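Here is a short report on a few surface features of one protein model. Keep the structure open while reading.

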Amino acid sequence: AFDQDLTMIPVINKIDMANAQPDRIAAQLQKLFDFAPNDCILASAKAGIGIPEILDAIVTKIPAPKGSINEPLKALLFDSWYDEYR
């Protein structure tokens, strides 16, 4: 990600667990990747904590894709499957 100059959003997940140490993990992210601890989003998908902050960060920090309105639309799909039941 660093080599390709991609935008990264640091998220510390599972903060609802009893042994979670988000401050220690934020300090490690700062030491290893130079992320400011206050830039790390604290989240728990299970408890629904931090989800709006993650979505806001995606919208505000990740640049819009580049393309041309005159060329065909292209997209990358992964983990896609069709279920007739649904």
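## The largest pocket

A pocket is an open set of grid points with protein on both sides within 12 Å along at least five of seven lines, and a lining residue has an atom within 4 Å of a point. The model is predicted. Rolling a probe the size of a water molecule over the atoms shows where empty space is left.

Which residues line the largest pocket? The lining is made by P65, K66, G67, S68, E71, P72, L73 and K74. The space inside the largest pocket comes to about 180 Å³. Sorted by class, its lining holds three nonpolar, two polar and three charged residues.

Helix α2 spans residues 51-61, and I62 sits in the segment after it.

Is I62 buried or exposed, or in between? The relative accessible area of I62 is 38%. Buried means under 20% and exposed means over 50%, so I62 counts as partly exposed.

## The segment after α2

P63 also belongs to the segment after α2. Its relative accessible area is 59%. That value is over 50%, so P63 is classed as exposed.

What is the distance from P63 to T7 in space? The two C-alpha atoms lie 8.1 Å apart. In sequence, P63 and T7 are separated by 56 residues.

## Positive phi angles

D5 is not a glycine, yet its phi is positive, at about 55 degrees. D5 lies in the segment before β1, a strand that covers residues 11-12. With a relative accessible area of 70%, D5 is over the 50% cut-off and therefore exposed.

K14 is another residue other than glycine with a positive phi, near 65 degrees. Where is K14 found? K14 is in the loop between β1 and α1, and helix α1 runs over residues 22-33.

Notes:
Residues are numbered from 1 along each chain as its sequence is written. This is a predicted model: local features need pLDDT of at least 70, side-chain atom pairs count only at pLDDT 80 or more; totals for chains, interfaces and linings use all residues. Side-chain values use heavy atoms; hydrogens and water are left out. Helices (H or I, at least four residues) and strands (E, at least two) are DSSP runs, numbered from the N terminus. Buried means under 20% relative accessible area, exposed over 50%, partly exposed in between (1.4 Å probe, protein chains only). On a 1 Å grid over the protein atoms alone, a cavity is a set of points where a 1.4 Å probe fits but cannot get out, and a pocket is an open set with protein on both sides within 12 Å along at least five of seven lines; lining residues have an atom within 4 Å of a point. Grid points are joined across faces, edges and corners, and a volume is the space filled by probe spheres set on the points. Ala, Val, Leu, Ile, Met, Phe, Trp, Tyr, Cys and Pro count as nonpolar, Asp, Glu, Lys and Arg as charged, and the others, Gly among them, as polar.
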